[in-house]
Amino acid sequence: MLSRINDFAQSSKTVTEARKHTGNVSPVKEMAFFIGWFIVLMILMGIIGLILNFSVKNPSNDVSVLLSLLAFIPAPFFMILLSRRIEKRSLESFGFSKNALMSIAKGLLIGLVMFLAVVAIGIISGQYRFTGIDFSCAYLFIPYLVCFAVQSFGEEFYTRGWALTYFSKNHSIITAIIISCIVFIIPHMMNNGLNIMAIINIFLMGLVLAVLFLRFDSIWVCCGIHTIWNFTQGFVFGFNVSGIETSSLIKFTQTSPSIIAGGSFGPESSLIATFVIAIALILAVYYPKK
């Protein structure tokens with residue numbers, strides 16, 4: 001598996017482009033630079049989130065969730081400005097491929113199939129139960145889709161687009177992927193219901209997205225997967241999205257909180273998700289290139 005991933009990196013135009021501007025930077029300075037700017041980014045996003053929430057008096061749960069997702073807006077712009085000015089990097093080094101629409105479509109399909117598999121296994125095993133349909137929140141379809149897309153793009157950019165490519169310049173691609181997966185976990189650490197299974201699944205999902213990022217040479221594929229996974233999980237099927245509750249068109253509940261079905265964090269903390277993500281990782285690595 002590791003040799004296959006290395007092969008993807010060797011043929012990746014994104015990684016090649018990112019490695020054009022390497023230097024003899026000590027590991028301490030390299031990590032200090034990364035951690036410093038990552039903390040600044042988190043603070044910036046936190047401030048934006050507070051401003052957005054305080055701009056609305058007595059917001060409903062849905063409005064609060066939508067505003068919190070919009071707090072990810074500055075992430076890609078901030079990191080692009082930083083990297084282009086300081087690291088002198090091109091947009092291609094972040095995975096901005098030219099066939100963006102096709103890549104997004106592929107990502108949406110992959111992410112949709114993955115989460116539908118989670119739901120199907122949950123239903124068949126008796127872990128998830130259908131409880132009804134409610135189209136009264138249908139007016140939130142576009143707002144949730146757009147806001148989940150904003151949040152997903154922000155997370156994908158600073159994890160895969162920036163962190164992975166940043167550490168790939170002076171380290172092996174495996175090291176860069178592992179660091180990017182750890183970075184992917186950090187924003188979820190304060191979410192409701194976080195447990196060890198959730199951390200494992202977020203890390204595994206990070207591996208899947210990293211491999212597909214390299215295989216497709218595109219950040220857009222990752223954005224599509226991330227967006228539709230969150231949107232389908234929350235607004236379509238009514239599960240908590242990383243501990244966050246949203247309105248939904250279809251109502252599903254867990255028959256009982258368990259390690260198989262997931263707890264208050266949602267299906268992402270379940271063994272069902274672990275199984276689906278593990279299969280996706282195997283396919284991402286070994287599925288024939290064409």
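Entry 1, Ser97. I take buried to mean under 20% relative accessible area. I am working from a predicted model. I looked up Ser97 and found a relative accessible area of 16%, so Ser97 is buried. I placed Ser97 in the loop between H5 and helix H6, which covers residues 100-124.

What does Ser97 touch, leaving aside its neighbours within four places in sequence? I listed Ser103, Asp217, Ser218 and Trp220. Then I looked at polar contacts. The side chains of Ser97 and Ser218 are joined by one of 2.9 Å. The side chains of Ser97 and Asn99 are joined by one of 3.2 Å. I also checked Ser97 against Gln233. They are 136 residues apart in sequence, and their C-alpha atoms are 27 Å apart in space.

Which residues of H5 are buried? I wrote down Pro74, Ala75, Pro76, Phe78, Met79, Ile80, Leu82, Ser83 and Glu87. Next I asked what covers the buried residues of H5. The cover includes helix H3 (27-54), helix H4 (61-70) and helix H7 (141-168).

I took Lys20 and Glu17 to begin with. Lys20 forms a salt bridge with Glu17, and the closest N and O atoms are 3.1 Å apart. Is Lys20 buried or exposed? The cut-off for exposed is over 50%. Lys20 has 54% relative accessibility, so Lys20 counts as exposed.

I then turned to Glu156 and Arg160. Here the closest N and O atoms of the salt bridge are 2.8 Å apart. Both Glu156 and Arg160 are buried. I checked their places in the chain. Glu156 and Arg160 are four residues apart in helix H7, so about one helical turn separates them. An α-helix has 3.6 residues a turn, so residues three or four places apart point the same way.

Arg160 has another entry in my notes. The charged end of Arg160 sits over the ring of Phe184, 4.4 Å from the ring centre.

Entry 4, aromatic rings. I searched the whole structure for aromatic pairs and found 29. I looked at Phe33 and Trp37. Their ring centres are 6.4 Å apart and their planes stand at 65°, so the pair is edge-to-face. Phe33 and Trp37 both lie in helix H3, four residues apart, about one turn of the helix. I read 22% relative accessible area for Phe33, so Phe33 is partly exposed. Trp37 counts as partly exposed at 27% relative accessibility.

I went on to Phe141 and Phe235. This pair is edge-to-face, at 6.1 Å centre to centre with 75° between the planes. The pair links distant parts of the chain, with Phe141 in helix H7 and Phe235 in helix H10 (residues 219-236), 94 residues apart. I found Phe141 partly exposed, with a relative accessible area of 35%. Phe235 counts as buried, at 0% relative accessibility.

Which residues do ring pairs link into a cluster? I noted Phe33, Phe34, Trp37, Phe38, Phe78, Tyr158, Trp162, Tyr166 and Phe167.

Where does His188 lie? I found His188 in the loop between helix H8 (173-185) and helix H9 (196-216). His188 has a relative accessible area of 8%, so His188 is buried. A polar atom of the His188 side chain lies 2.9 Å from the backbone oxygen of Phe184. Not counting residues up to four places away in sequence, I saw that His188 touches Glu155, Leu194, Ile202 and Ser242.

I ended with Met42, which lies in helix H3. Met42 counts as partly exposed at 24% relative accessibility. I compared positions with Pro187. Met42 and Pro187 are 145 residues apart along the chain, and 8.4 Å separates their C-alpha atoms.

Key:
Residues are numbered from 1 along each chain as its sequence is written. This is a predicted model: local features need pLDDT of at least 70, side-chain atom pairs count only at pLDDT 80 or more; totals for chains, interfaces and linings use all residues. Side-chain values use heavy atoms; hydrogens and water are left out. Buried means under 20% relative accessible area, exposed over 50%, partly exposed in between (1.4 Å probe, protein chains only). Helices (H or I, at least four residues) and strands (E, at least two) are DSSP runs, numbered from the N terminus. Contact means heavy atoms within 4.5 Å. A salt bridge is a side-chain nitrogen of Lys or Arg within 4 Å of a carboxyl oxygen of Asp or Glu. Rings of Phe, Tyr and Trp (its six-membered ring) pair if their centres lie within 6.5 Å; planes under 30 degrees apart count as stacked, over 60 as edge-to-face and the rest as tilted. A charge sits over a ring if NZ of Lys or CZ of Arg is within 6 Å of the ring centre and within 35 degrees of the ring normal. A polar contact is a pair of N or O atoms within 3.5 Å; within protein, one must be able to donate a hydrogen and the other to accept it, and residues adjacent in sequence count only if both atoms are side-chain atoms.
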